[in-house]
Structures are given as C-alpha cells and as structure tokens.
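Thank you for asking me to look over this model; my notes follow as numbered points, meant for someone who has not seen the structure before.

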Amino acid sequence: MNRKITVVGNWKMHGSKSHVSEFFAALGAHHFKESASIQMESVVCPPFIYLDHAAKLLEQNPKCELGAQDVSAHQAGAFTGQVAATMLAEVGCKYVIVGHSERRQFCQETDDIIAEKFLAAKSAGLTPILCVGETQAQREADLTASVVVGQLQALLAKAGAAAFAQAMIAYEPIWAIGTGLTATPEQAQQVHGLLRLTIAEYDATVAASLPILYGGSVKPNNARTLFSMPDINGALVGGASLNAQDFLAICDAAL
Ligand code: PGA
C-alpha cells in the first residue's frame with residue numbers, strides 16, 4: 001500500500017432511524033473494490049442520537065468507521081446539551097469533525113474553542129478532523145492562504161505540530177459547501193499543499209503523514225480527479241453522503 005484515501009460522510013442534521021438502518025444495510029451489501037496500492041477507509045458521521053444504533057448495525061458488519069459531527073471541549077459537568085469525547089468513544093466513534101464552518105457560523109465557535117475541542121477529542125483517543133476554509137469574499141480578496149493558515153494557529157500555539165499526529169485536516173471552501181460549486185482539483189491541491197507546508201515548518205514527519213481531506217460538493221462524478229491530486233488524501237462529503245449509492249460510488253472512486 002502506498003496511499004490511503006479516507007472518505008468521511010457528514011450527514012449534518014439529516015436522517016432518521018430507518019434511514020440509518022437502510023444506509024448501513026446498503027453498505028453491508030456492497031463489495032468494495034480492492035487495490036494493491038490504495039487503501040480506502042470510509043467513515044460515516046450521523047447525528048449524535050443515531051450513533052448507538054449505527055454502532056450496533058456495524059457490529060454485525062464492520063464495513064466503515066463511525067464519527068461524530070461535533071464534541072464538547074469539556075470532559076464532564078454542567079454543560080447542558082453537550083456530548084463529551086469519552087462518550088463518543090464509548091459508543092464506538094473513532095473520528096470527530098471539529099470546527100465545521102456551520103458550527104463556526106451558527107454556533108459562534110472560535111478558533112480557540114475549536115482547538116479545545118480538538119484536544120479534548122485527542123485525549124479521549126478519537127481522531128479529530130479539523131475543518132478550515134475561506135468564504136467567497138475572502139477568496140476574491142486573495143485572502144485564502146492567510147485565512148486557512150490562520151485557522152491552524154490557535155491549535156499550533158496551544159499544542160504544537162504534534163497535535164496533528166493522529167489527526168486530520170479538512171479543507172472546505174465555504175463557497176463550495178452545499179452549492180454544487182467545487183474547487184477545481186488544482187485550486188484544492190494548492191491549498192492542501194500550503195496546509196501541509198505550514199505544518200512541515202514545525203514538523204516535517206507529522207506533515208508528511210497528515211491526511212488532508214477536501215470537502216465542498218464532492219460527488220461521484222468529481223471525486224476521482226480530486227483524489228488524483230498528490231496532497232488530497234480523501235473527502236469530507238455532505239449532501240452526497242446521505243445517499244448510500246452516491247457515498248459508495250465516491251468510496252469506489254478512491255480505488
Ligand atoms: P457538501 O457538504 O458535500 O454538501 O458540499 C460538505 C460539508 O459541509 O462537509
């Protein structure tokens with residue numbers, strides 16, 4: 001194996017218990033292609049409330065890993081409505097998305113809070129997926145590089161590049177999320193290369209093995225060219241991940 005591609009499905013606030021059952025039945029019945037040179041890992045992130053149901057279905061047929069869409073920065077306590085990293089690990093999560101642009105926008109999450117969540121996830125043994133990305137206006141003002149590199153700084157200041165060992169970054173240009181607009185493979189590669197270089201300035205070994213996923217209108221018809229870029233190590237898929245056939249087609253495009 002010389003390459004690993006990770007495909008993460010982010011269901012956002014969609015789905016139902018029956019959707020979970022149907023989705024994982026389709027996943028269980030699917031025959032993933034095999035490749036001698038590429039290893040594909042799939043991860044599904046349903047809403048918190050369905051994680052336990054999904055975990056039980058996966059016990060019978062462990063075809064993918066489970067992830068959560070958010071995590072508390074705190075370990076336990078009077079934090080009504082929040083879910084601790086240890087709780088996610090207990091129900092079988094291996095991954096957690098932190099700092100998704102919708103949480104930055106609708107829940108006022110700052111880089112500092114996101115860094116705390118990232119570190120809480122790591123201390124519970126979860127692999128955090130840190131989302132970064134610029135708005136359309138920032139791209140047009142030529143601010144993409146400073147925005148995405150800036151979004152790494154709080155974490156680098158708190159924990160250094162070592163924090164990115166056993167972690168992932170997802171580059172999600174906000175203008176491409178749910179819009180049908182996708183960054184071209186070249187645009188995405190440019191940002192991914194920059195993110196890796198930024199980490200490499202602190203720790204070249206961590207940077208070399210850091211998975212950097214692309215997110216923003218990834219579909220079965222554009223996944224393969226995105227995955228062909230050297231610094232794109234997978235995808236964070238929103239809308240298309242709700243449909244098992246589309247999600248599986250994106251997974252197959254990795255192989
Ligand atoms: P999308 O969402 O694939 O629907 O654009 C991606 C995301 O928000 O993670």
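**Notes on the ligand site and its surroundings**

1. In this predicted model, an oxygen atom of the ligand lies 2.7 Å from an N or O atom in the side chain of His100, while a polar backbone atom of Gly239 is 2.8 Å from an oxygen atom of the ligand. A polar backbone atom of Ser217 is likewise found 2.7 Å from a ligand oxygen. The protein covers 97% of the 280 Å² of accessible area that the ligand has on its own.

2. Ser217 deserves a separate paragraph, and it is found in the loop between strand S7 (212-215) and helix H10 (223-227). Is Ser217 buried or exposed? Because its relative accessibility is 10%, and buried means under 20%, Ser217 counts as buried.

3. The side chain of Ser217 reaches the backbone oxygen of Ala176 at 2.7 Å and the backbone nitrogen of Gly180 at 2.9 Å. Leaving aside residues up to four places away in sequence, Ser217 touches Ala176, Gly178, Thr179, Gly180, Leu181, Thr182 and Asn222.

4. Turning to another part of the model, helix H2 (residues 51-60) has Leu51, His53, Ala54, Ala55 and Leu58 buried. These buried residues of H2 pack against helix H1 (17-29), strand S3 (65-68), helix H3 (85-90) and strand S4 (93-98).

Key
Residues are numbered from 1 along each chain as its sequence is written. This is a predicted model: local features need pLDDT of at least 70, side-chain atom pairs count only at pLDDT 80 or more; totals for chains, interfaces and linings use all residues. Side-chain values use heavy atoms; hydrogens and water are left out. A polar contact is a pair of N or O atoms within 3.5 Å; within protein, one must be able to donate a hydrogen and the other to accept it, and residues adjacent in sequence count only if both atoms are side-chain atoms. Accessible areas come from the Shrake-Rupley method with a 1.4 Å probe; for residues, only the protein chains shown count as cover. Buried means under 20% relative accessible area, exposed over 50%, partly exposed in between (1.4 Å probe, protein chains only). Helices (H or I, at least four residues) and strands (E, at least two) are DSSP runs, numbered from the N terminus. Contact means heavy atoms within 4.5 Å.
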